[in-house]
Amino acid sequence: MTQASVLFVCLGNICRSPLAEAALRAEAEQAGLDIVVDSAGTGDWHVGDAPDPRAQAVARRHGIDISGYRGRQAKPADFHRFTHIFALDSDNLANLRRIRPADGTASLSLLMDLVPGREGSGVTDPYYGNDAGFDVTWDDVIRAARAIVARLQTNP
């Protein structure tokens, strides 16, 4: 059986997707799941950058250090490297569908489709808002991370 591997993708890979990565890493560790987790952006302007300081602060408040994470751009090879790719909003889902190779094997879906009552919605983008928006984003991604862990525990 192939080890489950999850990639979270937002626009710049400095706010939402690193928080989703951190949330799933923490939830998987707590559940004793051995999975590969990463994040990326569809844009290239934050490649090599650390997460936004406000994202780092909210992760730290939850006992997680993401200061070592670095932005990277999603690429077609990710559809072979990962078993699951989750877009954090519909625009990024559309961008991922455009770069997906015909023989890509990863499942591709909208992250919040896993959260009852949030199907079809995106993870709240806090970038242009205040610090409180990052707490809302954390609430979104932790709920989704718990849903992923529950799903992987029953159907890896």
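The side chains of Asp125 and Arg16 meet in a salt bridge, with N to O at 3.7 Å (a salt bridge is a side-chain nitrogen of Lys or Arg within 4 Å of a carboxyl oxygen of Asp or Glu). Asp125 sits in the loop between β4 (107-110) and α5 (131-154) and Arg16 in helix α1 (residues 16-31), so the pair ties together parts that are 109 residues apart in sequence. Helices (H or I, at least four residues) and strands (E, at least two) are DSSP runs, numbered from the N terminus.

A word on the basis: this is a predicted model, in which local features need pLDDT of at least 70 and side-chain atom pairs count only at pLDDT 80 or more, while totals for chains, interfaces and linings use all residues. Residues are numbered from 1 along each chain as its sequence is written, and side-chain values use heavy atoms, with hydrogens and water left out.

**Salt bridges**

- The structure holds 10 salt bridges.
- Asp125 is partly exposed at 44% relative accessibility, whereas Arg16 is buried at 3% (buried means under 20% relative accessible area, exposed over 50%, partly exposed in between, with a 1.4 Å probe and protein chains only).
- Within helix α1, Arg25 and Glu21 lie four residues apart, about one turn of the helix, and they form a salt bridge whose closest N and O atoms are 2.8 Å apart.
- In that pair Arg25 is partly exposed, at 38% relative accessibility, while Glu21 is buried, at 4%.
- Arg118 and Asp140 meet through their side chains in a salt bridge (2.7 Å, N to O). This pair links distant parts of the chain, with Arg118 in the loop between β4 and α5 and Asp140 in helix α5, 22 residues apart.
- Both Arg118 and Asp140 are buried.
- A network of salt bridges links Asp38, Arg72, Asp78 and Arg81.

**The largest pocket**

- The volume of the largest pocket is about 180 Å³.
- On a 1 Å grid over the protein atoms alone, a cavity is a set of points where a 1.4 Å probe fits but cannot get out, and a pocket is an open set with protein on both sides within 12 Å along at least five of seven lines; lining residues have an atom within 4 Å of a point.
- Grid points are joined across faces, edges and corners, and the volume is the space filled by probe spheres set on the points.
- The lining divides into seven nonpolar, three polar and two charged residues (Ala, Val, Leu, Ile, Met, Phe, Trp, Tyr, Cys and Pro count as nonpolar, Asp, Glu, Lys and Arg as charged, and the others, Gly among them, as polar).
- The phi of Asn13 is near 65°, a positive value in a residue other than glycine.

**Two buried strand residues**

- Ser5 lies in strand β1 (residues 5-10) and is buried, at 6% relative accessibility.
- The side chain of Ser5 reaches the backbone oxygen of Arg81 at 3.4 Å.
- Gly41 belongs to strand β2 (residues 36-41) and is buried, at 0% relative accessibility.
- C-alpha to C-alpha, Gly41 and Cys15 are 9.9 Å apart in space and 26 residues apart in sequence.

How values were computed:
A polar contact is a pair of N or O atoms within 3.5 Å; within protein, one must be able to donate a hydrogen and the other to accept it, and residues adjacent in sequence count only if both atoms are side-chain atoms.
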